[in-house]
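Open the model in a viewer with the sequence panel beside it. The stops below say what to select next and what is there.

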Amino acid sequence: MNEITPTVKTEAAASPACARAPVGLLAELTHRCPLQCPYCSNPLDLERSNVELSTADWQKVMREAAALGILQIHLSGGEPTARKDLDDIVQTAAEVGLYTNLITAGVLLTKERLARLAELGLDHVQLSIQDVDPDNADRIAAYKGGAAKKREVARWVKELGLPLTVNAPIHRQNIKSMSKIIDYAVEVGAGRLEVAHIQYYAWALKNRAALMPTREDFMKTAEIVEAAKERLKGILVIDFVVPDYYAKYPKPCMGGWGRGIINVTPSGRVLPCHAAESLPGLTFDNVRDRALGDIWLNGDAFQKYRGTDWMKEPCRSCSRKEIDFGGCRCQAFALTGDATNTDPACSLSPLHEEWAKVAEVESHREPPEFIYRRVGKSGAQGGHSDGGQQENV
Ligand code: SF4
Ligand code: FES
């Protein structure tokens, strides 16, 4: 799955801790995906197709989302184009007035299908790439021919007059391509490029030693991006997400817990973030049983880490607590065993130094083989695969 970066500020807050409505709905239509990226942000236990919401369920969710005041829907996955009813979903999203963004790897699309989606009201396409070097890209995704297909899809998007964002997750095994990735985005006519360093939870945490760049390489990419931002003003907007392990302060994950984004999984579970199921002690409501607005405002999982009352020191008395909300709950839990701890990405966390050392050490070692993301094989060790791609769809 690709990530979304909340870029729109929430307004009309009902309380300082909770906006009346989230700005965006991240709709994970399916966890099926023909790609097997080792940094996939989907949970390790992927939901199978037989538990997925029906077309009518998604249509109900979108009507409720629009009524609640949600502005944008991000159709995501897995790979959302693996859903045969994507046309109906896009049509309903447009009918109820949601700005509709398709977050896709592109490899299952045809030009005809994309044209139909545009006719039905699709507003925007966000296309993920693994690298500009086709062999390396196909190795990272374990999907032969993927890179070539993505170039073609980017061309179709522009021919159809749709705005395009290119999304390139950055890590040790493509970091040297940063300049070329920026050139690629300009070449294919993207208006926006997201170059986001990997967040290390779920699959990416399993593959951290294979994906962690050195600090020196990270610093070089930061310089390249800064120069490109200046050079490409008016041509390309670049969103650069720095790696937590080399940051001074953490990012406000999802813009703050339960503040701007609501996430619905393929089976209808409603989450404050896509990795929230990794946290213990949370109960998640399902859109089949409870209205989306009620879940957003009153659901237990949303209340748990909303605002700042749950915080311990050093966050509790920190002047940045309303800026980054203590970082990422899922990362804090994955790395410290307690979701209420300060995210170790923060230099004020007592665990920061020890944790940052891990990155230093791992990034200088020979990288291990990827553990690819595969449905039903969460622990599978993989080498380069081009034969197993169908089992994920
Ligand atoms: Fe943010 Fe907490 Fe660190 Fe302060 S101590 S900068 S609130 S993570
Ligand atoms: Fe869950 Fe950051 S991914 S709070």
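Which residues surround ligand 1? Select the ligand and show what is near it (a heavy atom within 4 Å): Tyr-249, Pro-250, Pro-314, Cys-315, Cys-318, Arg-320, Lys-321, Asp-324, Gly-326, Thr-342, Cys-346 and Leu-348. Coloured by class, this shell has 7 nonpolar, 2 polar and 3 charged residues; Ala, Val, Leu, Ile, Met, Phe, Trp, Tyr, Cys and Pro count as nonpolar, Asp, Glu, Lys and Arg as charged, and the others, including Gly, as polar.

A note on conventions. This is a predicted model, in which local features need pLDDT of at least 70 and side-chain atom pairs count only at pLDDT 80 or more, while totals for chains, interfaces and linings use all residues. Residues are numbered from 1 along each chain as its sequence is written, chains are lettered from A and ligands numbered from 1 in the order in which they are written, and side-chain values use heavy atoms, with hydrogens and water left out.

Now zoom out and switch to cartoon. The protein has 14 helices and 11 strands, taken as DSSP runs (helices H or I, at least four residues; strands E, at least two) and numbered from the N terminus. Its C-alpha trace spans about 55 × 50 × 45 Å along the principal axes. Of the 393 residues, 58% count as buried, that is, under 20% relative accessible area with a 1.4 Å probe, protein chains only.

Next, select the sheet. It is open and mixed, with 9 strands in the order β9-β8-β7-β6-β5-β4-β3-β10-β11; strands pair if DSSP finds at least two bridges between them. β9 (237-241) and β11 (270-271) are the edges, each with a single partner strand, so one side of each has no neighbour in the sheet. Helix α6 packs on the sheet and touches β7, β8 (192-197) and β9, its direction making about 155° with that of β8; axes are lines fitted to C-alpha atoms, for helices over the stretch in contact, and angles run from 0 to 180 degrees between N-to-C directions.

Stay at β9. β8 and β9 pair in the parallel sense over 5 bridges, and Ala-196 stands opposite Val-241 in β9. Because 4 of the 5 residues of β9 are buried, the strand is largely enclosed by the rest of the structure.

Last, select Gln-173, in the loop between β7 (164-170) and α6 (178-187). Gln-173 is buried, at 17% relative accessible area. Beyond its neighbours within four places in sequence, Gln-173 contacts (heavy atoms within 4.5 Å) Asp-131, Asn-136, Arg-139, Ile-140, Ala-210, Pro-367 and Phe-370.

Notes: Buried < 20%, exposed > 50% of the residue type's maximum accessible area, 1.4 Å probe, protein only.
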